[in-house]
Amino acid sequence: MEEKIVYTKHLKLRLEIREIEYTVPQQIYERSKEKYFYTITEYCIAVGRIYYKEKLREMAVVYEKIADEIRIVTVYPLRSYEKLSKIKTGRWQKNEKKINN
């Protein structure tokens with residue numbers, strides 16, 4: 001069964017505020033080779049690179065998987081030190097079993 005991708009109201013607001021194209025979160029989720037489990041919120045994170053504000057940037061897509069539905073909660077540009085810090089401190093864990101995808 002194919003997963004249904006749902007955008008939350010919060011995500012839609014963030015897309016507008018951050019001036020990110022509507023299709024970007026889904027593209028990052030579907031193409032990401034870097035996925036993490038966020039131990040504090042218990043959400044999943046997909047990381048991808050896109051052109052944002054005229055620069056190639058890493059973006060984080062925060063989502064949760066409920067049955068056959070992917071609910072994308074938010075999207076934001078990542079600073080290089082931010083991702084490394086979250087991985088190093090164990091807040092983001094690369095664990096396929098926890099991510100369930």
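This is a predicted model: local features need pLDDT of at least 70, side-chain atom pairs count only at pLDDT 80 or more; totals for chains, interfaces and linings use all residues.
Contact, as the term is used here, means heavy atoms within 4.5 Å.

The protein comprises four helices and six strands. Read from the N terminus, these elements follow the order β-α-α-β-β-β-β-α-β-α. A compact globule of 101 residues would have a radius of gyration near 13 Å, and the value for the protein, 13 Å, agrees with this. Along the principal axes, the C-alpha atoms occupy a box of roughly 35 × 35 × 20 Å. Buried residues make up 41% of the 101 residues. The accessible surface amounts to about 6700 Å², with 49% of it belonging to carbon and sulfur atoms. Among contacts with a separation of 6 or more, 50% join residues 24 or more positions apart.

The largest nonpolar core has 18 residues, and the members that touch the most others are Ile20, Ile28, Tyr63, Ile72 and Val75. At least two residues of this core come from each of helix H1 (9-18), helix H2 (24-31), strand E3 (44-52), strand E4 (55-66) and strand E5 (69-77). The most is given by E3, which supplies four residues. Another core, of ten residues, lies apart from this one and includes Tyr36, Tyr38, Val47 and Trp92.

An α-helix has 3.6 residues a turn, so residues three or four places apart point the same way. For Ile28 in particular, the contacts beyond four places in sequence are Ala46, Val47, Gly48, Ile50, Met59 and Val61.

The loop between H2 and E2 contains Ser32. Ser32 has a relative accessible area of 14% and therefore counts as buried, since the limit is under 20%. A polar atom of the Ser32 side chain lies 2.7 Å from the backbone oxygen of Glu34. When residues up to four places away in sequence are not counted, Ser32 touches Ala46 and Val47.

Helix H3 (residues 80-88) includes Glu82. With a relative accessible area of 19%, Glu82 is buried, and its contacts outside four places in sequence are Tyr76 and Pro77. The buried residues of H3 are Glu82, Lys83 and Lys86. Viewed down the axis of H3, they fall within an arc of 95°, so they line one face of the helix. The face turned away from that buried side carries the exposed residues Ser80, Tyr81, Leu84 and Lys88. Elements that cover the buried residues of H3 include E2, E3, E4, E5 and strand E6 (92-93). After H3 comes Gly90, which has a positive phi, near 85°.

Notes:
Residues are numbered from 1 along each chain as its sequence is written. Side-chain values use heavy atoms; hydrogens and water are left out. A nonpolar core is a set of buried Ala, Val, Leu, Ile, Met, Phe, Trp, Tyr and Cys residues joined through side-chain atoms within 4.5 Å. Buried means under 20% relative accessible area, exposed over 50%, partly exposed in between (1.4 Å probe, protein chains only). The radius of gyration is taken over C-alpha atoms; the globule rule is 2.2 Å times the number of residues to the power 0.38. Accessible areas come from the Shrake-Rupley method with a 1.4 Å probe; for residues, only the protein chains shown count as cover. A polar contact is a pair of N or O atoms within 3.5 Å; within protein, one must be able to donate a hydrogen and the other to accept it, and residues adjacent in sequence count only if both atoms are side-chain atoms. The arc is that of the directions from the helix axis to the C-beta atoms.
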